[in-house]
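I am opening my notebook to record what I looked up, one entry at a time. Each entry takes up one place in the structure.

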Amino acid sequence: MIDVLLKIIVFGTVVGGIWGLVASGFSLIFGVSRILNFAHGAAFVCAAYVAFLLSGSGFNVYLSILAGLAVSGLLGLLVYLLTRPVRKNEVMVIIITLALALLIQQILLVNFGDKGISMLPLVQGVVELNNVKVTNMRIASFVLAVTSLVSLDLMVSKTSIGKKIIATSQDSEAAMLIGIDVEKVFILVMVLSSILAGFAGILYAQIFAISPETSLKALIYAFAIVILGGLGSLRGSIVSSFIVGYILVLTITFLGARWSEFVMLLAIVTILVVRPTGLFGVEE
Amino acid sequence: MRYAKAVLTALILLAAITSLCVQGGQKTEREKVVIGVIGPMSLPEGMAEEKAVKLAAEEINAQGGILGHPVEVVVGDTKLDSNTASTEFRRLATIENADVIIGGFSSGVMLTMMETMAETKTLFLADASSPAHAKKVAENYERYKYWFRVTQNNGSTFALDLADMVRFLRDSGYDVKKVYIIRDEHVWTDPVVEALTPLLEEQGVEIVKDVRVPRGYSEYEQLIHEAESLDADLIMPILAIAGTGDILTKQWATLKPNILLAGHDLAAIDAEFYNKTNGMANYEIFLADGGALITAPPTEKCKEFVDAYKKKYGHYPESHQAYGAYDAVYLYKTVVEMAAKAGEKDPFDPDVLVKYLEKFDASNPIELTRPIAFYKNHDLMWGDNYVRNWISQWQDGKQYIIYPESVANGELKLPPWIE
C-alpha cells in the first residue's frame, strides 16, 4: 500500500508540477490583461522543438534549452503585439491567438511530420524509493517545476514588480493613473508566462515526447486547470494543477489508463458545478 | 438585314453544336493513362503514397509508358475525412478521368470511398487494413470487385504475427509466460486481441493484463511498473492510433525493467524512430507493417525502389504506404499489358482488369517490392512467401528482420539489462 501511495505522490506531483508551469502563465496573462491566450500551447511545443533541433545539431544542450526559452518568450511578445490593437474585443483576441496556434502547429507538421520528438533526459538514471523505480529526470523536473512555481509566487506577492502586476490585474486604468506603465507590465507578463510554458515543454520533452498535437493538449490542460483554480487566480492554478496531477495518477492506478483524462475532466466539471467560480476564484 | 444577322448567328451556333455532337459520338483516341493517388496529403502516409506513385510513373514514362501511352498522375487529398475523401475520389474518377486510383489510407475513410468506387466503377488498388473492406467484396462481389488491398495485410493478421513473435522469442531462449498488453483504445485492436488470446493460450502464455490507452496517452511508466509487479515477461504494445509509442519506448529504455518490449508499435517502423528517440529504441522488437523495411528490403525491386526514392526525394519513404503505392502502379501496368497481350478489346477496362488481377493468387504471386498475391475476397495474401508483418528489431540504429528465417537479415539481441 505504501508503494502505491508513494507512486501516486511522486507521479502526481511531477505531472502536476509541469502542468502547473503552463497553467500559471495562462492564468497570469488572463488575470493581468484579460486575454485568453490560445497560443499558449504553441510556446510549450516550440521551446521543445527549438531545444531538440539545436541540441541535435551539436549545440550545447543548456544553450539549446536557453534558445528554446528565448523563442517561447518571443512568441509571447508576438502574441502581445498581435492582440494589442484588439485587446478590448475578447472574440477577436481568441480568434487571433487561435489562428496563431493553428498556424504554428501546421508549420511544425509540415516540417517535422506528426511523429513526436523526444529529448535525451538531462539527468540520467533511476532511483529506487521503497521498491518504486523513479527516474532521476522526474525528480529533477519536480524540483525545477516547484522551484519555478514558488519563485513565481514570491515574485508576484513580494516584489515591487509583483505589486505592479497585481495592481494592473485589479484595475489597469487605476494602475495607469498611479504611474504604472501597464503596457510594460503586459509585455512582462506575456513574455514571462510564455517562457514558463516553454520551460514546461522542455521538461515534458525530457520525460515524455512532444509532437505538434501536444500544443492542443497543453492548452486544454491549462484551460481546465485555470478554470478549476478560478480564472485569474495564480495560486488557484498552482494548487489545481497538482489536484489534476493526482486525479490523473489515481485514475490510472485504480481505474485504468483509458479513463484517466475522462475522470480528470469529469472531476473538474463536478467541482465547477458545486463551486462555479473555481476553487480560488471570487465572484465579480 | 437584322433578320439576316440573326439567321446567320443561329446557323453558326447550329453548326458548332452539330460539330460537337459529331465529335462526342466518335470514339476518342486514348492520349494518356491517368493514375489517381488519394490519401491524407499532409500526413506521412499520404505524402509517401504520392511520391511513390510519381516515382513509378516517371520510371514507366522513361521506358515508354503503358502500351505506349504516357502516364499522368493526378492527386486527391482525403484530409482524413470521409466526406472529403468521397468527393475527391469522385473528382479523380469523373473529372480527371483516372483509369485507376491508388492509396486511401485509414479504414473508416476507405469504407466511404469504396461506395464511390462502386458507383463510378473505378479500379481501386487500396491501402487501409480493416477486414470489413474485403468482407464487402466477398458479400457483394459485383459491386465491390474493383477493390484490391495492395499496401498491407488485413489487420486481423497482426494476431498471427504477434503469436509468432512470442513463439520465436521462446524458441530463441527468452521464456515468455506472461504478457502485458498495452493497446489503442480503438476498435481496430479488438479483433486482434480476440484472435491473439487463444493463440497465446495454445502456447501456454497468459495475458496478465490488457490495458487500453487513449490517443495522446503518455504515462507509460506507471504501466511498466504494473507489468513488473505482475511478473510479466513481455510488454506487448498494439499501438498505432495513440501516437505515443515513442514515449513507451523511451520510458521502457529509461526504467530498464527486466521485461522485453515486443509487439506492434507503428511508430517503430519509421526509419527515423531511432534518432527521434535518441537511440532509446535500441532492442525494441516490432512488426514491419506492410512487409518491407528500408534496411532489410525483401526483394531486389524493393532495394532499387528505396534507393531511387532516396535519390529523388533526398530521404527514405516517410511510411510503409510508399511500397504499396509504388507496387500498385507496376501492378496496374502489368495487368494492362497482360490484357492487351491476350487480345482484349479494351485492355484499360476495369471489368477486364479485375480478371487479370485475380490471376495473382497463392500459386502465382507477382514479385514487386514485395511478392503480391490476392485471396478471393481481394485481400492481400499473408505468409512468409507473400506479404506479412515481419518480426523486426532495432539494433544500434538499424532495423533488422529477425523472423522468419527465410527473409531474416539479423538475429535476436536481448537488451543487456535483461537477466
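I began with Val22(A) and found its place in helix α1 of chain A, where helices (H or I, at least four residues) and strands (E, at least two) are DSSP runs numbered from the N terminus. I noted that this is a predicted model, in which local features need pLDDT of at least 70, side-chain atom pairs count only at pLDDT 80 or more, and totals for chains, interfaces and linings use all residues. Residues are numbered from 1 along each chain as its sequence is written, while chains are lettered from A and ligands numbered from 1 in the order in which they are written.

Is Val22(A) buried or exposed? I found that Val22(A) is buried, with 30 other C-beta atoms within 10 Å; the word applies when 20 or more other C-beta atoms lie within 10 Å of a residue's own, whereas 12 or fewer make it exposed and anything in between partly exposed, with C-beta atoms placed from the backbone. Leaving out residues up to four places away in sequence, I listed what Val22(A) touches, including His40(A), Phe44(A) and Tyr221(A), a contact being two C-beta atoms, placed from the backbone, within 7 Å.

Next I turned to helix α2 of chain B, residues 44-62, whose 19 residues reach 27 Å from first C-alpha to last, close to the 27 Å expected at 1.5 Å a residue; the expected span is 1.5 Å times one less than the number of residues. I saw that α2(B) is mostly covered, as 14 of its 19 residues are buried, and that just after α2(B), Gly64(B) takes a positive phi of about 105°.

My last entry concerns a sheet in chain B. Which order do its three strands have? I read β11-β14-β15 in an open sheet with antiparallel pairing, where strands pair if DSSP finds at least two bridges between them. Because β11 (285-288) and β15 (398-403) of chain B stand at the edges with a single partner strand each, one side of each is left without a neighbour in the sheet. The twist averages 45° from one strand to the next.

I then followed strand β14 of chain B, residues 390-395, which pairs with β15(B) in the antiparallel sense over five bridges; the bridge partner of Trp394(B) in β15(B) is Gln399(B). Finally, I noted that helix α7 of chain B, residues 157-171, lies across β11, β14 and β15 of chain B and runs at about 60° to β14(B), with axes being lines fitted to C-alpha atoms, for helices over the stretch in contact, and angles running from 0 to 180 degrees between N-to-C directions.
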